[in-house]
Amino acid sequence: MASIEEFEASFPKNECVLDATRYDFVHDQASVVSCLMRNDLKGRNRFRRLLLGCKAVGKTTLLKSLLTAAKKTYPELITLYVSYAAETNDLRSCICHHLRKSGIIPNTSEFLKEACVDDGPTRDIIQYLQLDVYDLLFTDKDYLCSYGITPGMAGRIVAAASQPPLFERLSALLQSANKKLFLVVDEFQNVYTNSFPKGRQIIGDILALGEDANGQIHCIISGSSTNLRQLAFAKLPETLKSKYPNYTGIDLNSTKYQARWIYPFLDGDSFLCLYRTMKQKPHNYGPSTEEADGFAELFIKTGGSPGGLSECLQGRDSSTYHVSAKSVKFDPEPNEQAQVLQAIYEALPWWCTDNHLTSATATTHLISTHIAKSLTDHPESILYDMADAGLIRYIADNPILKKIGIGSPLVYFTVALQGKLNVTAFEVAALYMPTGHIMGVTTEKVVCRFLAKAFQTFVECPNSVKFSEESSLNLNKEGDEHPVFFEHYVMYKELMDDQDVFGADAVVLIPKQDSTIAHRVQVKLGTSTIFTQAELGKGNQQDSAESIANKFKSLEKPALEAYERSSIPLSESFKYLATTRNITPAARKFLKDNNISILDKQFLFKHVWPEEIKCLKNLPFL
């Protein structure tokens with residue numbers, strides 16, 4: 001008999017990337033299937049699963065890969081995937097048809113003998129109609145009578161078909177053939193809608209499967225609706241019942257199907273593996289320059305959602321797959337979801353809240369529910385509802401030691417900022433990233449936006465960064481979509497399709513009477529040092545003062561030509577380096593000699609960062 005380790009080794013990791021929550025689920029199922037094949041599930045319950053997670057989080061890919069691994073590890077196992085996104089047949093027909101294809105053919109003569117059908121004409125008719133036991137399980141009395149079978153005989157056959165119950169009979173057939181069935185039923189929420197006339201029968205069959213104690217059939221049900229857990233566990237609010245006409249309050253509770261959740265990818269490394277899987281590239285090397293340029297944007301844009309990433313790679317909008325934190329309200333009074341999240345946030349260890357290196361530091365961390373003491377003020381149902389929506393992770397397998405965590409970086413920073421900052425939570429997440437992280441492009445865009453808001457502070461004296469204490473910020477009154485500061489116009493990467501704006505990360509244009517002055521800014525973030533090329537040594541590819549100057553210089557002429565074509569006469573062009581890095585005296589002198597003004601770490605903190613950013617703890621470059 002194969003081991004759990006062999007099952008996990010058979011999992012097709014080139015098709016389905018496993019992060020922590022996905023690996024835990026695969027490990028759980030490897031153990032269950034191993035018990036199934038050893039006949040250890042007879043008389044047991046609580047091993048069947050209800051797999052939950054937000055839309056496009058990758059449940060279907062995970063479940064199909066799980067069936068592939070199970071079949072590869074145990075060739076004698078019968079596996080069946082049924083999706084009610086497309087399937088219209090009732091579940092019992094799907095199972096019986098598949099068992100028939102798999103060679104589990106019951107003895108029709110024995111069945112008729114059990115039904116006390118011993119007359120030759122009736123047997124001849126059934127043989128003529130080519131009905132086997134699977135057909136007889138679904139054949140009604142009138143159909144049999146229409147072919148000449150007497151009503152009495154037809155009644156016996158129909159009665160015999162219903163005893164023992166269907167799944168008890170199927171379990172017996174599997175046992176006599178020494179076979180086991182691993183069944184996955186996907187998009188199960190659809191059977192509760194009016195699209196399925198036999199929806200209630202399907203729900204009843206899933207209930208019967210959950211109650212079956214013969215240990216021959218393992219089943220996982222799943223779906224994309226945030227209401228699926230409420231539907232399955234008979235907790236649907238009254239306001240939603242009209243949406244699900246097949247809902248009758250049948251309870252598939254945790255003794256039958258235990259809930260498990262998977263979540264969007266929370267760390268960049270796992271998401272990079274997912275990206276490479278979709279691009280069909282090997283996993284075992286660091287991010288290339290090409291990947292680093294665009295990957296960060298994908299991670300932010302998709303929120304770690306596999307479905308969102310797939311949409312992005314095909315050039316489609318991924319916003320419908322984001323975990324939404326819009327329901328979390330902090331102002332004017334925190335709603336119940338906000339209170340729960342705040343309680344978790346405050347209970348996180350100091351190294352989660354005060355020492356961020358990546359957003360995953362906090363979002364992958366689980367704490368015991370009793371640590372977040374104020375959670376006791378909220379019913380457990382709100383925790384399950386928030387887990388369904390992807391706002392939190394809630395693990396309640398052990399009633400004594402339940403664990404809870406924040407569901408995603410987006411939600412984490414929504415709590416940390418509580419709506420007080422005019423940037424997105426993912427942009428703030430980018431600011432927390434360490435030097436050289438693949439989110440660096442996004443970090444530059446955020447800094448450019450802050451520079452735009454602090455615009456007049458640094459253009460008053462273009463060749464100096466020494467300002468008096470009373471220098472103040474002139475904030476944009478028009479909003480960030482098209483930054484306009486009185487007569488001053490700001491362009492940065494976000495408005496230029498993520499391309500450098502004539503060799504700069506941001507450009508400030510000041511219209512004069514007959515001409516325009518351009519203030520061009522290069523952004524170099526991180527905690528390393530800027531040297532001259534001589535200090536770095538030959539062949540070193542690190543940013544040097546010369547490379548920064550060359551970046552400005554190389555596009556100076558094309559910039560002038562572009563402005564002329566746009567009928568914008570450019571009279572002067574000032575250059576700035578906005579950096580959080582240390583600068584050697586030699587590099588500082590070189591930049592000054594090339595007319596590049598320096599907006600250094602101290603200047604940025606004093607004149608550029610908003611107060612809300614200054615209050616965030618331990619930004620890598622504050």
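These legends describe close-up views of a predicted model.

**View 1. The whole chain, in outline.** The protein has 622 residues, and 52% of them count as buried. Its secondary structure comes to 29 helices and 16 strands. Take the contacts between residues at least 6 apart in sequence: 66% of these join residues at least 24 apart.

**View 2. An open sheet of 3 strands.** The strand order is β6-β8-β7, and the pairing is antiparallel. β6 (367–368) and β7 (392–395) are the edge strands, each pairing on one side only. Between β7 and β8 (residues 403–406) there are 4 bridges. Arg 393 stands opposite Gly 405 in β8. Two helices are shown with the sheet. Helix α16 (residues 336–347) packs on the sheet and touches β6, β7 and β8. The direction of α16 makes about 100° with that of β8. Helix α19 (residues 380–388) also packs on the sheet, touching β7 and β8. The direction of α19 makes about 125° with that of β7.

View 3. Arg 229, Asp 385 and Asp 388 are linked in a network of salt bridges. In the pair Asp 385 and Arg 229, the closest N and O atoms are 2.6 Å apart. Asp 385 belongs to helix α19 and Arg 229 to helix α12, so this pair links distant parts of the chain, 156 residues apart. Arg 229 is buried, at 4% relative accessible area. Asp 385 is partly exposed, at 28% relative accessibility.

**View 4. Lys 180, buried without a salt bridge.** Lys 180 sits in the loop between α10 (166–176) and β3 (181–186). This lysine is buried yet has no salt bridge. Glu 76 is the nearest side chain of opposite charge, 8.3 Å away. The side chain of Lys 180 does make a polar contact of 2.7 Å with that of Asn 39. Beyond its neighbours within four places in sequence, Lys 180 is in contact with several residues, including Leu 36, Met 37, Leu 77, Ile 78 and Gln 216.

**View 5. Asp 19 and Arg 22, a buried salt bridge.** The closest N and O atoms of this pair are 3.0 Å apart. Asp 19 has a relative accessible area of 10% and is therefore buried. Arg 22 is buried too, with a relative accessible area of 2%. Across the model, the count comes to 12 salt bridges.

**View 6. Arg 581 and Asp 543, a salt bridge between loops.** Here the closest N and O atoms are 3.5 Å apart. Arg 581 lies in the loop between β14 (570–579) and β15 (582–583), and Asp 543 in the loop between α24 (533–536) and α25 (545–554), so the pair ties together parts 38 residues apart in sequence. Arg 581 counts as buried at 13% relative accessibility. Asp 543 counts as partly exposed at 24%.

**View 7. Two alanines with positive phi.** Ala 56 has a positive phi of about 65° although it is not a glycine. Its loop runs between β1 (48–52) and α3 (59–73). Ala 234 has a positive phi of about 55°. Ala 234 lies in the loop between α12 (228–232) and β5 (257–261), and is partly exposed at 27% relative accessibility.

**View 8. Leu 266 and Gly 407.** Leu 266 is in the loop between β5 and α13 (268–278). At 7% relative accessibility, Leu 266 is buried. Its C-alpha atom is separated by 8.4 Å from that of Gly 407, which is 141 residues away along the chain.

Notes
Residues are numbered from 1 along each chain as its sequence is written. This is a predicted model: local features need pLDDT of at least 70, side-chain atom pairs count only at pLDDT 80 or more; totals for chains, interfaces and linings use all residues. Side-chain values use heavy atoms; hydrogens and water are left out. Two strands pair if DSSP finds at least two bridges between them. Contact means heavy atoms within 4.5 Å. Axes are lines fitted to C-alpha atoms, for helices over the stretch in contact, and angles run from 0 to 180 degrees between N-to-C directions. Buried means under 20% relative accessible area, exposed over 50%, partly exposed in between (1.4 Å probe, protein chains only). Lys and Arg count as positive and Asp and Glu as negative; His and the chain ends are not counted. A salt bridge is a side-chain nitrogen of Lys or Arg within 4 Å of a carboxyl oxygen of Asp or Glu. A polar contact is a pair of N or O atoms within 3.5 Å; within protein, one must be able to donate a hydrogen and the other to accept it, and residues adjacent in sequence count only if both atoms are side-chain atoms.
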